[in-house]
Amino acid sequence: MSGAREEVLARIGAALGQNGSVPVESVDLFCGRAADYLATVHRVTEAELDDALAEACAERGTTSVASSPGEAHRPPTVGIVADSPDIPAAELDRFDAALTGCALAIAETGTIVLDGGPDSGRRALTLVPDHHLCIVRADQVVASVPDAVRALAAAAHEGRPVTFVSGPSATSDIELERVEGVHGPRKLDIFVVS
């Protein structure tokens, strides 16, 4: 192995700890920073996930959901359709929400990253519906933006779109007042599964 590669692998190992798990502090930091950006963060176990998704949908009045191709969760009481290229982007507007996984999440910025893969889905899926339900597994949380950039190298090399999402869509361009939902979903529910 080259010296640089050994150094990178050693740094990754140190960040993950001896047992390969993500430090709890990183997951806690991610949750706090995501909430600072006005995302609603739910900490759940795998067994609680479907019910938590259903509850969040009920609270927001969400009844129809388009899911990324790789997302297998099916919360009770919610109508879910798997997204496909056969659904034109304009038709995604008929869904109340999008349900996706993610490529990874960044602790220091509270950012979820979507990479156009099966778990993240196509970019339009998470930009058109007004509500985004995103599942983040604790082992997907990386400490920093440089860590994320390194981890996303394969997606970038393949030419897939990489989208960094920090909270619901918002801008302060208009009259210097915050306006939500201009460039994407107004509501973001993140489910951190530990």
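Six strands form an open sheet in this predicted model, in the order 1-12-7-4-2-3 and with parallel pairing. Two strands count as paired if DSSP finds at least two bridges between them. Strands are DSSP runs of E with at least two residues, helices are runs of H or I with at least four residues, and both are numbered from the N terminus. Strand 1 (40–44) and strand 3 stand at the edges; each has a single partner strand, so one side of each lacks a neighbour in the sheet. Neighbouring strands are turned by 25° against each other on average, direction ignored.

Residues are numbered from 1 along each chain as its sequence is written. Local features need pLDDT of at least 70, side-chain atom pairs count only at pLDDT 80 or more, totals for chains, interfaces and linings use all residues, and side-chain values use heavy atoms, with hydrogens and water left out.

**Strand pairing**

| Strand pair | Bridges | Sense |
|---|---|---|
| Strand 2 and strand 3 (residues 79–82) | 4 bridges | parallel |
| Strand 2 and strand 4 (residues 97–100) | 3 bridges | parallel |
| Strand 1 and strand 12 (residues 187–193) | 5 bridges | parallel |

Individual bridges can be named. Val65 has Ile80 as its bridge partner in strand 3. Ala66 is bridged to Ala98 in strand 4. Thr40 has its bridge partner, Asp189, in strand 12.

Strand 2 (residues 64–67) is covered on both faces. Ser64 and Ala66 are buried on one side, Val65 and Ser67 on the other. Buried means under 20% relative accessible area, exposed over 50%, and partly exposed in between, with a 1.4 Å probe and protein chains only.

**Helices on the strands**

Helix 3 (residues 49–60) lies across strand 1, strand 2, strand 4, strand 7 and strand 12. Helix 3 runs at about 165° to strand 12. Axes are lines fitted to C-alpha atoms, for helices over the stretch in contact; angles run from 0 to 180 degrees between N-to-C directions.

**Thr163**

Thr163 lies in strand 9 (residues 163–165). Thr163 counts as buried because its relative accessibility is 16%. Its side chain makes a polar contact with the side chain of Arg123 (3.0 Å). A polar contact is a pair of N or O atoms within 3.5 Å; within protein, one must be able to donate a hydrogen and the other to accept it, and residues adjacent in sequence count only if both atoms are side-chain atoms. Leaving aside neighbours within four places in sequence, Thr163 is in contact (heavy atoms within 4.5 Å) with Ile112, Val113, Leu114 and Arg123.
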